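Please look at the chain below as a whole before turning to its parts. The paragraphs after it are meant to be read with the structure in view.

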Amino acid sequence: MPNEDWYLAVTAKRNRRSTASDLSRQLSSATGTTISRQIVYRCLGQIGQYARRPVKCIPLTATHCRLRLTWSREHALWTPQQWACVMFSDESRFSLQSDSRLTFTWRAPGTRYHQENIIERHRYSGAGVLIWGGMILGSRTAPHVQIGTMTSQIYRDVILEQHVCLFRGTMGTQFVFMDDNARPHRANIVSECLQSEDITCMDWPAFSPDLNAVEHVWDTLGRRVAAHQPPPICLPELWRALLFEWC
């Protein structure tokens, strides 16, 4: 392997999120050899290193992992009839600004889920709107879309009273409501509302969006909105696009 190729390979592995332009500049500074971005891609590709989007995951502690495993074991033998009584719910923020999709990592085939190729994060920036939705086997709620933060007052007055309570009234005592451990969901006024309406809540391990069926809906919804031509360029357009695709 020529010295330049060896240098590129070592540098890319040491800092996997360097861009091809970064690597080209570092090579020029270290060896005096100037190459284009395309040559960087070709050289690294010849040794099995390709620029790919990193996997994103939520940072988990040992306690999080233990609680997630306990929950999974407790529900592993649930029947379809039991799951049919569970309403999964969640909020998701959709942004006009991309998250980390412009960040790439240099990796070899088959190493997608290696630790060095994963970004741990659970917050995204940029102007956007918040959408709440619930789904149960064979049905779903109407979406609630808002600009701003979900407060415990809004969660009780809008989400619970206008959406969740309707399903509880229809299904009866076998109805089970699943929401995560976000702070507004665990406020006293929310707990009092759930208790007064006799709504059974599912215990939910913290930081477990991957266990929530609604996450698949958000993924599909995001892809459909992103495919709009022209794409939304302001919050009202994003709002309308989300409602259109949900319905």
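This is a predicted model: local features need pLDDT of at least 70, side-chain atom pairs count only at pLDDT 80 or more; totals for chains, interfaces and linings use all residues.

Residues are numbered from 1 along each chain as its sequence is written, and side-chain values use heavy atoms, with hydrogens and water left out.

The chain holds nine helices and 10 strands, which are DSSP runs numbered from the N terminus (helices H or I, at least four residues; strands E, at least two). Its C-alpha trace spans about 75 × 45 × 30 Å along the principal axes. By an automatic or database domain assignment, the chain is divided into domain 1 (2-52) and domain 2 (79-103 + 123-245), and the centres of the two, taken over C-alpha atoms, are 43 Å apart.

Helix H8 (residues 214-226) can be followed in detail. Val-214, Trp-218, Leu-221 and Val-225 are the buried residues of H8, where buried means under 20% relative accessible area and exposed over 50%, with partly exposed in between (1.4 Å probe, protein chains only). On the other side of H8, His-216, Arg-223 and Ala-226 are exposed. The cover over the buried residues of H8 includes strand E3 (86-95), strand E6 (128-136) and helix H9 (235-246), judged by contact, that is, heavy atoms within 4.5 Å.
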